[in-house]
Amino acid sequence: MQAAWLLGALVVPQLLGFGHGARGAEREWEGGWGGAQEEEREREALMLKHLQEALGLPAGRGDENPAGTVEGKEDWEMEEDQGEEEEEEATPTPSSSPSPSPTPEDIVTYILGRLAGLDAGLHQLHVRLHALDTRVVELTQGLRQLRNAAGDTRDAVQALQEAQGRAEREHGRLEGCLKGLRLGHKCFLLSRDFEAQAAAQARCTARGGSLAQPADRQQMEALTRYLRAALAPYNWPVWLGVHDRRAEGLYLFENGQRVSFFAWHRSPRPELGAQPSASPHPLSPDQPNGGTLENCVAQASDDGSWWDHDCQRRLYYVCEFPF
């Protein structure tokens, strides 16, 4: 009996110290590895049972009370109840019970699980990146096709514009010969729009012709009759395709050829027996008289004479078309 009590005195404090150390470690790991309170309670109950069996506490209590009286039994029950109360007080409530300490295997398992999750996420990123690369390739091909289609459309538009220009020139040429004056291999058509000399030349070119370029007296007289009939009873200056913009006094047609025939206006001569005037007529001076300020030639519609004018002046113009 004394040996049993001695064994109990030596073992019980160590077991209790071990229990407190384990509980301290469990408090440090509380909330990290789940809640296994039920398993902990079963382990403590089993440890207490083995301790009681090793110490022989029921037998020891019975030796002190050999008769096995009711009083001894009540004392034993009271001590057992007190021990259970102390154990309940020492045992934390389920709500605040610490979780068991993780083992190295648990740590390795947790790390491997996290790595597996990261690997799965990385795989999903690779899949999405591949899908994006495929989409980029498709968009690049579509953009290339659109550029090719835009180039084809641009070429088609250019071809249509060229065809339209040819059609307008052909239409202008036919209109000039049908509505205007046909003379040999030329046709003249008067336009009643006011334009500067360069703009008038551009409009005649767009219609397939050029400003009128009378090459001899026969064409000059025919053009004079046509303009007089079209603008009578008024006298309007009409642009011709003649100018000296390149050099003063060097008159050229719009096609670059040099003018060899002129019909400049001259002031009226005095009557027979009258004294000639030394000063020119103020309303009809001899032409050309504008110098470098007047470099373009217009024809008067009443008598067909040529006058030099400022090239920016807006006048009627007559176009010439080949026939």
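Analyst: Arg135 has a relative accessible area of 47%. Buried means under 20% relative accessible area, exposed over 50% and partly exposed in between, with a 1.4 Å probe and protein chains only, so at 47% Arg135 is partly exposed. This is a predicted model, in which local features need pLDDT of at least 70, side-chain atom pairs count only at pLDDT 80 or more, and totals for chains, interfaces and linings use all residues. Residues are numbered from 1 along each chain as its sequence is written, and side-chain values use heavy atoms, with hydrogens and water left out.

User: With which residue does Glu138 form a salt bridge?

Analyst: A salt bridge is a side-chain nitrogen of Lys or Arg within 4 Å of a carboxyl oxygen of Asp or Glu. The closest N and O atoms of the pair are 3.4 Å apart. Both residues lie in helix 5 (residues 104-179), 3 residues apart; helices are DSSP runs of H or I, at least four residues, numbered from the N terminus. The partner of Glu138 is Arg135.

User: How many salt bridges does a search of the whole structure find?

Analyst: One network of salt bridges links Glu175, Lys179 and Arg207. Another salt bridge joins Glu170 and Arg173, with the closest N and O atoms 2.6 Å apart. Across the whole structure, the number of salt bridges found is 8.

Note on methods: Helices (H or I, at least four residues) and strands (E, at least two) are DSSP runs, numbered from the N terminus.
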